[in-house]
Amino acid sequence: HAHATTVFSSVNDDANAGQTLPTPGSAAPGDWRGIRITPSAIPAEVVLHGVQIHYAGEAGTAGIEVDNNNPSFQRLLISHNKLGIRVLDGGAPIVTESSVIHNDVAIESDQYAAPTINNSEIVGNLEFGILNLTPDSTVDARANWWGDLSGPYNAFSNPGGTGDPVSDGVDYGSYLAAAPLLDCYVDVANGIYTISQPNVELKL
């Protein structure tokens, strides 16, 4: 999963940063409303790279809602929300190298939005991996891992797929045959490491 450092979660989520309330909490999807990116936000100034979002989706909201905007996100971990990501009103965010897992619905696109999610994992979501409510506007979901090498399930275009279901209006082509390595890093053991810089000769 994505290695993230900043966590947005429920006040009942004792597993992250310890107990917050006087009594032990039990977090559940829909405990809080989530993060909303409005049309007035400047895409280049929307920086949510490497964050985790858990247990959002209160009152029909989503972990991240993008409304008529085009930010880019990398290395997200979106899990245990009623709805992980919602894109509205022609929004076209780009999501890469992320994990959208164990939500009721991972990603919802509506009002002719055109989100892109690539090189990510969309796995273990209860109802849909991607639900496109305006399928005339295609969601670009190529090169993702859906939980099985057979790809995502769609009753018409991929009835043999056993990965997370997708609706019509989703381009899930070139799906991965295994989970991608996301946000990898190396811990140096005992402070000892080796750097190798090979010389390559090009003959033109």
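Strands β7 and β10 run parallel and are joined by four bridges; strands here are DSSP runs of E with at least two residues, numbered from the N terminus. Across this pairing, Ile85 stands opposite Ile107 in β10. The model is predicted: local features need pLDDT of at least 70 and side-chain atom pairs count only at pLDDT 80 or more, while totals for chains, interfaces and linings use all residues. Residues are numbered from 1 along each chain as its sequence is written, and side-chain values use heavy atoms, with hydrogens and water left out.

β10 also runs parallel to β13, again through four bridges. Within that pair, Ser109 has Asn132 of β13 as its bridge partner. These strands belong to an open five-stranded sheet with parallel pairing, in the order β2-β4-β7-β10-β13, where pairing requires at least two DSSP bridges between two strands. β2 and β13 are the edge strands, each pairing on one side only.

Although β13 (residues 128-132) lies at an edge, four of its five residues are buried, meaning under 20% relative accessible area with a 1.4 Å probe, protein chains only.

The largest nonpolar core has 30 residues. Such a core is a set of buried Ala, Val, Leu, Ile, Met, Phe, Trp, Tyr and Cys residues joined through side-chain atoms within 4.5 Å. Ile64, Phe73 and Ile130 touch the most other members. Elements giving two or more residues to the core are β2 (35-37), β3 (51-54), β4 (64-67), β7 (83-88) and β10 (105-109). Leaving aside residues up to four places away in sequence, Phe73 touches Ile37, Ile64, Val66 and Ile94, among others; contact means heavy atoms within 4.5 Å.

Terms used: Buried < 20%, exposed > 50% of the residue type's maximum accessible area, 1.4 Å probe, protein only.
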